Amino acid sequence: MKVGISSTGTSLESNVDMRFGRCPYFIIYDTESNDFEHIENQSRQAMGGAGIQAAQMIIDKKVGVVITGNVGPNAHRVLGSANIKIYSGITGTVKDAIEKLKKDEFKETAGPDVPSHFGTG
Amino acid sequence: MILSVASGKGGTGKTTVAVNLALSVGFCQFMDYDVEAPNAAFFLKPDIKHIQKVEMKHPYFLKEVCNACGKCAEFCNFNAVAVAGDEVIFFPELCHGCGGCLLVCPEGAVREKDVEIGKIKKGFSKPGINFYMGDLKPGYMRTISVQAALDKFIEKDILIIIDCPPGTSCPMVFSVKDSDYCILVTEPTPYGLNDLLISIEVLKDMGIPYGVIINRDGIGNDEVENYCRKNNIKILLKIPNDMEVAKYYSRGESMLDYDISWKGKFENILKEIKKDVRK
């Protein structure tokens, strides 16, 4: 299964970014092969709909689980429609987050936890 | 003559100047182009007689025809369309109505319908002001579409006063584009000066003559005034920082209500402006 993590940087030592739509990078981690890649988040500079665009990218990458700091209503709706599990409110390094996910320590986020435009500016 | 009232910084007194100028001149057409937050009506108290919808095209998606290929979402530069699973999700507040999703859909699953994005309100204010305002529907990003609808009501051979939105981005540029002259309202603070300079750059680029009104004169420092003098920019008026003026404003009353001598001052501004207008 592929995991998409909003990240402040390009390595597993980077922190989980508190923004979903406007984080600088996404780490896409494969829990079967333990391989990962980083993707620069093109939505970061979007005038509007950054969360929607980022969610679309996550879907296109065939990600099954998203780990992030906060997720807004639009991104939540798009990810939810694609049956992608969302774990938000996560802090610490990307590596720790993946370990916790593997140990099944996270609770799924039922709804958006920040209003629209939270990660702007 | 089209006379616009703009500023970089918000809250410097655009509406105060535009409204009091209109009331001083008496006969003109007043247009509130600050469609995201129109407020001139609080002061001019127009008798609104006509309300007209502003509409744009929005797509809708035929579920039974759509195969969720995602071409529409890929095309949309404004992220108004997403495709998740077998579902198209449309975010109307982000749509610019370009119709691109309809063009790129290989299945013919996209149709268009008219939706309301705002209103144009027309009325009459005393003594002889034809009043127009645009009112954008909250949550929509179609500021310029509503302003473009206002454009159609601009008459010829009458003084048009345009109350512009703050800032120097597209909505401001659109509001001043046909102006023969633009009044820049600023306050004598570093923030006021910074945004004044940006506004001046915009107007220079557009070839629109301009002059400055300093509001809340007495606060801050002399830098706005020094800059204007050094660069031969006309200071049309200074409005002192006066608690009484603020009190009248907060009740929706004009500066003329407070002190009728403002009428003559604003009429003089118009005379000054006429010397410098484009055309």
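Let's begin with chain B: of its 279 residues, 52% count as buried. Keep in mind that this is a predicted model. Chain B is built from 11 helices and 11 strands, and its C-alpha trace spans about 70 × 40 × 40 Å along the principal axes. Take the contacts in chain B between residues at least 6 apart in sequence, and 74% of them join residues at least 24 apart.

Now for the inside. In soluble globular proteins, nonpolar side chains tend to be buried together. Here the largest nonpolar core has 75 residues, and those with the most contacts inside it are A:F20, A:I58, A:V78, A:L79 and B:V81. Helix 1 of chain A, residues 50-60, gives the most to this core, with six residues. On the chain B side, domain 1 (2-54 + 117-274) and domain 2 (63-108) both give residues to this core, so it lies between them. A second, separate core of 33 residues includes B:A18, B:L237, B:V245 and B:I269.

Leaving out residues up to four places away in sequence, A:V78 touches A:I52, A:A55, A:Q56 and A:I59, and from chain B it touches B:A82, B:A84, B:I89 and B:F91.

Helix 1 of chain A itself is mostly covered, with nine of its 11 residues buried. Among them are A:I52, A:A55, A:Q56, A:I58 and A:I59. Just after this helix, A:K62 takes a positive phi of about 60°.

**Where the chains meet**

How much area do chain B and chain A bury between them? The figure is about 980 Å², with 59% of it on carbon and sulfur atoms. In chain B, the residues that lose the most area to chain A are B:N79, B:I89 and B:F91, together 45% of what that side buries. The contact takes 14 residues from chain B and 13 residues from chain A. Between chain B and chain A the count of salt bridges is zero, but five residue pairs are in polar contact across the interface. Strand 4 (81-84) and strand 5 (87-90) of chain B each give two or more residues to the side that touches chain A, and strand 4 gives the most, with four residues.

**Charged pairs**

Over all chains, the whole structure has 19 salt bridges. Here are three of them, with their N to O distances.

| Salt bridge | Distance, N to O |
|---|---|
| A:E37 and A:K61 | 3.7 Å |
| B:K49 and B:D47 | 2.8 Å |
| B:K275 and B:E272 | 2.9 Å |

In the chain A pair, A:E37 lies in strand 3 (residues 36-40) and A:K61 in the loop between helix 1 and strand 4 (65-67) of chain A, so the pair ties together parts that are 24 residues apart in sequence. A:E37 is partly exposed at 34% relative accessibility, and A:K61 is partly exposed at 30%.

In chain B, B:K49 is exposed, with a relative accessible area of 60%, while B:D47 is partly exposed at 40%.

**One loop residue**

Last stop: B:G218 sits in the loop between strand 10 (210-217) and helix 8 (223-230) of chain B. B:G218 is exposed, with a relative accessible area of 69%. From B:G218 to B:H58 is 160 residues in sequence and 50 Å in space, C-alpha to C-alpha.

Note on methods. Residues numbered from 1 in each chain as written. Chains lettered and ligands numbered in written order. Predicted model: local features only at pLDDT ≥ 70, side-chain atom pairs only at ≥ 80, totals over all residues. Heavy atoms only, no water. Core = buried A, V, L, I, M, F, W, Y, C linked by side-chain atoms within 4.5 Å. Buried < 20%, exposed > 50% of the residue type's maximum accessible area, 1.4 Å probe, protein only. Domains from an automatic or database assignment. Contact = heavy atoms within 4.5 Å. Buried area = accessible area lost by both parts, 1.4 Å probe. Salt bridge = Lys/Arg side-chain N within 4 Å of Asp/Glu carboxyl O. Polar contact = N/O pair within 3.5 Å; in protein donor to acceptor, adjacent residues only side chain to side chain.
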